[in-house]
Amino acid sequence: MSRLGPPVAAALALTAPLWLANPYYVHILIMAGIFAILALSLNLLLGYTGQLSLGHAAFFGIGAYTSALLTLRLGWSFWLGLPAGVGLAAAAGWAIGRLALKLRGAYFVLVTISFAGVIALVAQNWMDLTNGPLGLPGVPAPELGPWSLRTKGAYYELVLAAAALAWLVCRRLVRSRIGRALVALRENEPLAESVGVDATHYLVLAAVVSAALAGLAGVLYAHYTRFVSPEVFLFTYTVTMVIMVVAGGKGTLAGPLVGALLFTALPEALRETVSWQWQMLAYGLILVLLVFFLPRGIVPTLAAWRHARRP
Amino acid sequence: MLAVRDLAVHFGGVAALGGVSFEVRPGAITALIGPNGAGKTTAFNAITGYLRPTRGQVLYGGAPLTGLRPSEIARRGVVRTFQKTSVFPALTVADNVLTGLHLRGRAGLWSVLAGRAAVREEEARLEREAADIIAFVGLGHRRGEVAGALPYGEQRLVELAVALAARPALLLLDEPAAGMTGAEKETVSGLIRKIREQGVTVLLVEHDMRLVMGISDTVIVLNHGVVIAEGPPAAIQSHPDVVRAYLGTARAGT
Amino acid sequence: MEALLQHLVNGLVLGGIYALLGIGLTLIFGLMNVVNFAHGEFYTLGAYATFAALALGGVPFLVALGAAIAGGVLAGALTERVLLRPLRGESIDTVMLVMIGLWIAMQNGELLAWGGVAKSIPHPFPTAPLVLGPLSVAPLRLFVLGAALALIAGAHLLIQRTRLGRAMRATFQDPDTAALMGVRIHHVRTATFALGSGLAAAAGALLGPIFLVYPSMGDLASLKAFSVVILGGLGNIWGATLGGVILGVAEELGAGYVSSGYRDAVGFVIIILVLLFRPSGLFARAERIG
């Protein structure tokens, strides 16, 4: 079972648009994939370095706006807009990391919130560039050689590939000496420094990779909804990321994926019966309840159960 | 090897360390002793970059360490342990030591992301090195256990293993035997001797006089932030100033 | 010159409110080590409570203000008792997650209760501005400034002159010693959170009639409160008072002379700059209450 599991899951994931008759389900999977990338991105900071960023919507938005503007205004291909969006988000992550990662905990959180606030205000007020609150409609769908990735099925495969890549990046990173350095800084920073772990270097590195992944999610979002507005900076996105990571299990590789699937599918399933406000109210309560009753998250708790049941 | 010149640390207006000078000879075990509050840990913190000295210099192999970050100082071969038990509590013993081996690895971001074979080989090498170090401190049977759950004495050994993993040329031990039982202290002093035999210079702060006098080549006595005596253990034990300032108070205290 | 004076007066009114918000937050942050992301929600609560008391209860304006403050105090005490007390001793990050959860839950609770449409609070003051030489000030604004000043003075007196205030200062200095001296830390913490929330509710009740009341108004209030606290230094009440005035005036000047679209950027920029270059606040000698 455990050896067959991954290939079967991969095959199921790859063929999902074929056996999911309803395109609406494919839409949910696409959004889950985009959020999975965001959750993986946030988890790299919150889960592994222990620093909570509440400014991740800014990197998401920077990715989305960069690629949207380059493809719309300069006629660039999606395949150039994508690395540009990722790169600019990474650069912003570097700058914020350099500046803010001499701070820790609450102070770091406040700087990241403020950074996202400033970026959102710029997007709203710099009419010439961003068209302000009206947003940028008509962001082109990507093309791959002769094929357009306009259909949900095709775009799903693109998002799946990106999410798989993001997961692989995180996995390789956290299972290397770099990942050990990040965890060491979370666990005991003075001790980590005493054996030669340069705190600033590794925290900035984590911020850059994390921002790049959030930028990647932003690019994918822009070319999927084909519309970008200052709404991409909504705090809701950041909160959703935090919930996904905390619920799934921070500091694990599977946690963000589980959290992303759960918290994309669940609200959609409840959409008919429950309004958006109730959903956000529930998010808030869930976050509180998680801290009290499931502080480690779903994946580590399940793992502990399985471990305990095995003799 | 290590030369401390007129090192002073002031907190507010209070001098925790008031201009201390001493040298550590390569290959030797040097002990820094003195009553509580004499400035020993402050000196350690200033030497290893955790505190910025108010004045004075720390020279290591002739080059100044002052102003460098702790991680840079570790990179130059000067590694310290902490007075309070300091491990990575949620990690296994093996992962603790692997983390200590940080500087022994080379893999950078791109080769890690590319999943190069060289990275896997390096990981395998580091794991072997970690196993050797764990065996060296005698924790082979604890390798897979979570460090934070080990008994106190063994946590101190994990801490020692983590510091050794950084391959120090000069190892600074801050009260390595504090709170240990007699048998555990024997183990630690045996380990310190073995560490020295491997060519590592040791500077230690310790309260246990038997341990200090048993293993040190040179003893430096601090009182009220200044050096009051320096010499081989036998000379220190009979030094009148030391007896008055230090051993006297220690006896009175116990 | 006249425009400048006008901006200064408006800035002072805003500044008084920001100071109230900041004092509440800095007390909670400094004494309880709680990063209260829900602070702005108590501000919102105060505004809606005033609206409810006036529009639905039909009580006099001052009674409505009092009711709003009492509501904030009660809600604060309840929050401390139910959510924060069990988490004492947990890491500051854990508590922060809970406060983020509370923030979202409270905000969307308000949204469900009152709907998303902004409401305006009726008030008994004449709308014609008082003209004082080159200045014209709405009587409501004068009242708000006066009330804010009175509340600030009250908070200072409470902390400096009363037994509770002494217990709070002792707890801030050193909780363990304070406990040994017979201070009941649990009560002090509950009182601190209640006081902080009451001040936030007062700020909302006072500013609500000047602007509009809507469910997400607390987000900006939290932001301003954090800027004020950071400007003044953690746990520093005088710092928060001064910080509030500085932020209020800086915003009015920024909106008047730079661009009104970036008014709220002032707070963000203050947070970023102060944290990066002067993390202990502008007026910090030592971190302390009082």
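These legends describe close-up views of a predicted model. Local features need pLDDT of at least 70, side-chain atom pairs count only at pLDDT 80 or more, and totals for chains, interfaces and linings use all residues. Residues are numbered from 1 along each chain as its sequence is written, while chains are lettered from A and ligands numbered from 1 in the order in which they are written.

**View 1. Chain A as a whole.** Chain A holds 14 helices and four strands. Helices (H or I, at least four residues) and strands (E, at least two) are DSSP runs, numbered from the N terminus. The radius of gyration of chain A is 19 Å, close to the 19 Å from the globule rule for 311 residues, so chain A is as compact as a globular protein of that length. That radius is taken over C-alpha atoms, and the globule rule is 2.2 Å times the number of residues to the power 0.38. Along the principal axes, the C-alpha atoms of chain A fill a box of roughly 55 × 45 × 40 Å. Buried residues account for 54% of the 311 residues in chain A. A residue is buried if 20 or more other C-beta atoms, placed from the backbone, lie within 10 Å of its own.

**View 2. Chain C as a whole.** Chain C has eleven helices and two strands. From the N terminus on, its elements run α-α-α-α-β-β-α-α-α-α-α-α-α. For 290 residues, a compact globule would have a radius of gyration near 19 Å; chain C has 18 Å, which agrees. The C-alpha atoms of chain C fill a box of roughly 60 × 45 × 35 Å, taken along the principal axes. Of the 290 residues in chain C, 54% are buried. Among contacts in chain C with a separation of 6 or more, 77% join residues 24 or more positions apart. Two residues are in contact if their C-beta atoms, placed from the backbone, lie within 7 Å.

**View 3. Helices H9 and H10 of chain C.** Helix H9 (residues 217-232) and helix H10 (residues 237-257) of chain C pack at an angle of about 120°, with their axes 8 Å apart. This makes H9(C) oblique to H10(C). Angles under 35 degrees count as roughly parallel, over 145 as roughly antiparallel, 65 to 115 as roughly perpendicular and the rest as oblique. Axes are lines fitted to C-alpha atoms, for helices over the stretch in contact, and angles run from 0 to 180 degrees between N-to-C directions. Residues of H9(C) in the contact include Lys224(C), Val228(C) and Leu231(C). Those of H10(C) include Gly239(C), Leu242(C) and Ile246(C). By class, the contact has seven nonpolar, five polar and one charged residues. Ala, Val, Leu, Ile, Met, Phe, Trp, Tyr, Cys and Pro count as nonpolar, Asp, Glu, Lys and Arg as charged, and the others, Gly among them, as polar.

**View 4. Chain A against chain C.** Of the two pairs of chains in contact, chains A and C share the most contacts. Chain A gives 29 residues and chain C gives 32 residues. On chain A, helix H5 (105-125), helix H11 (235-248) and helix H13 (276-293) each supply at least two residues. H5(A) provides the largest share of this side, 13 residues. The side of chain A that touches chain C has 22 nonpolar, seven polar and no charged residues.

**View 5. Chain A against chain B.** This contact takes 22 residues from chain A and 31 residues from chain B. H8(A) brings the largest share of the chain A side, seven residues. That side divides into twelve nonpolar, four polar and six charged residues. No contact joins chain B and chain C; their closest C-alpha atoms lie 11 Å apart.

Key:
Buried ≥ 20, exposed ≤ 12 C-beta atoms within 10 Å, placed from the backbone.
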